[in-house]
Amino acid sequence: MTSDSQPVLILGAGINGACVARELLLNGVPVVIADQEDIACGATSKSSRLIHGGLRYLEYGDVGLVRESLYERARLLKLAPQFVRPLRLFIPVRRHHGGLLQAAIRFLKLERLAVGRWLAGMIPVSERGLWAVTVGLRMYDWIARNGGLPPHTVDRIDRPGIPALDRRQFRWACSYYDAQMLYPERFTLALLEDCRRIAEERALRFDVLPYHTAERDGRRIGLRPHGGGATQWLNPSTVVNSSGAWGDGTLEGLHIDSSPLFAGTKGSHIITRQQTLLAALGNSAVYAEARDGRLVFVLPFDDAVLIGTTDIPFEEPPDRAVATPDEVRYLVEIVNEVFPDVALRESDVAACYCGVRPLPNVRTSRAGAIPRGHSIETQTVDGLPIDTLIGGKLTTCRAFGAFAAKRILGRMGRGRQESTRKRFVPGSENFPADAAGVDAVIAGIAAKTGFEEPQVRAVWPLVGTRAGPILSECADRDRDSLAGTTLPVAFVDWVIEHEWVTTLNDLVERRLMLAWSTELNFEVVQALARRLVHAGKLASREIDATVRATQERLALHYRRRL
């Protein structure tokens, strides 16, 4: 049994760390979660924002991963509808045959053997034909049966309802369903809010400490705040290293000898509002293959299009990863190959972002062949167990959290008493079944709280049905909107007070989701800085320097110039 004086310490406040914390608290274990940076600032906020089974993982024989992912996809669609919605994807196909032999080599995992890599190198690159694609989709449908989404279809390219793909080169469009999560950052915050509720109900310790550096002294772990102040020393029962691609660095910082566990790859994405591409895509997505085998997602992204992703080995510290001009050019070129009439240009790119996947350190012939499942490496130092979480993806975060919690609880001699398999995420309560229902609820919240409907509509995608209680709590505050936006100032202040905000970047990038919004400008950033001053989080004399630093970060990491 653990006490509040011996919590489980989770290093890394991304999606996996939040899921582990939720599982442990639900089973009576106190938790402290800390991060060197902000909540969800790593791979969580830099993904393709898809909740998917991993169709291409079938080609590498990872049937177990696909099965788990599809089960978790179905759960998220039910338990977090405020963040996750179905998405129809189209695969354009040029010819009947092609790709079957390469797919067989990958499915049998021969690429992980020397003879398999030699054989793969002897076979000319061949794009996937209709037979190869439909075999994969049939397997996908069979694994996903009873998952609540329609099965795949195969149509001629000129059928109504299909994105405006190039009919001169493509003959068929195979469609299937997965799902999309626009704001995994907000999903992570909702999970941490659920952790807070569980801890309060059960009188358990639960601390969230962003911007803290961990150090070790024997069994003790110290957490030092970046802004100055006393180091908090803990005697944790277990340390969970959930720092993703920073995992090896976290172990090194704790003076723990370990061979490299991670070999991450860099994934870059671009965002565009080019009207021709928006019209060509419609409300669906495209998962396409170029003639040389490169794959690209072209996804609807609110009022824009999200295009990704690259998959490049990356050995530098993850925080140095940025989308390079070559990567932006690569993504633009591959879109133009699939949509040649769109004529996308680099100047059409409104924003971009880049992250490093926390993949395991294994040898493969290509980055795409690295296993995408999850695992745990456990070490014991001075009697202190340290579990390092390796791999994982957005779709399977809940399952990964349950897997880690089961191991920790077993080490404590405790069975797992409760599960999150059917636990709703805050903000999903009484969620409307369709768009008309959403409109009705938003109108009702506006009438009850006195905020205008556009203001409620701006809050809704960030918190779901919690918009009503939160705005009711804010009813006696400033009802104006933040300059240049429809976000209520009162809601911004509520976020600063309740969602562990430390810096201006936290607000812009991961709380209010403004990093790629058309509403973001210099005036908005200044107004947010003033709200931080109002909350006592920033000195008024620091506004100019803080705003400049945020401008520089947006230019470097998001290609946004205010």
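**Entry: H16 and H17**

I looked up the crossing of H16 and H17 in this predicted model, and the crossing is right-handed. A crossing counts as left-handed if the near helix is turned anticlockwise from the far one by less than a right angle, and as right-handed if clockwise. Helix H16 covers residues 504-511 and helix H17 residues 522-534. They pack at an angle of about 120°, with their axes 9 Å apart. Axes here are lines fitted to C-alpha atoms, for helices over the stretch in contact, and angles run from 0 to 180 degrees between N-to-C directions. H16 and H17 are therefore oblique to each other. (Under 35 degrees counts as roughly parallel, over 145 as roughly antiparallel, 65 to 115 as roughly perpendicular, and the rest as oblique.)

Which residues meet? From H16 I noted Leu504, Leu507 and Val508, and from H17 Val525, Leu528, Ala529 and Leu532. Contact means heavy atoms within 4.5 Å. (Ala, Val, Leu, Ile, Met, Phe, Trp, Tyr, Cys and Pro count as nonpolar, Asp, Glu, Lys and Arg as charged, and the others, Gly among them, as polar.)

A note on my sources: residues are numbered from 1 along each chain as its sequence is written. For this predicted model, local features need pLDDT of at least 70, side-chain atom pairs count only at pLDDT 80 or more, and totals for chains, interfaces and linings use all residues, while side-chain values use heavy atoms, with hydrogens and water left out.

**Entry: H1 and H7**

Next I turned to helix H1 (residues 15-26) and helix H7 (residues 184-202), which pack at an angle of about 20° with axes 9 Å apart. That angle makes H1 roughly parallel to H7. Their crossing is left-handed. On the H1 side the contact includes Ile15, Ala18 and Leu25, and on the H7 side Phe187, Leu191 and Ile198 are among the residues. I read twelve nonpolar, one polar and three charged residues in the contact of H1 with H7.

**Entry: the six-stranded sheet**

I then followed an open sheet of six strands, S7-S2-S1-S11-S19-S18, with mixed pairing. Two strands pair if DSSP finds at least two bridges between them. Strand S7 (206-209) and strand S18 (374-381) each have a single partner strand, so one side of each is left without a neighbour in the sheet. On average, neighbouring strands here are turned by 15° against each other, direction ignored. Strand S2 (residues 31-34) pairs with S7 in the parallel sense over four bridges, and Val31 has Phe206 in S7 as its bridge partner. H1 turns up again here: it packs on the sheet, touching S1, S2, S7, S11 and S19, and its direction makes about 170° with that of S2.

**Entry: the three-stranded sheet**

Another open sheet has the order S8-S9-S10, with antiparallel pairing. S8 (212-217) and S10 (232-234) are its edge strands. Neighbouring strands are turned by 25° against each other on average, direction ignored. Strand S9 (residues 220-225) pairs with S10 over three bridges, and Gly222 stands opposite Trp233 in S10.

**Entry: the whole chain**

How many helices and strands does the protein chain have? I counted 18 helices and 19 strands. (Helices are DSSP runs of H or I with at least four residues, strands runs of E with at least two, numbered from the N terminus.) The C-alpha trace spans about 65 × 55 × 45 Å along its principal axes.
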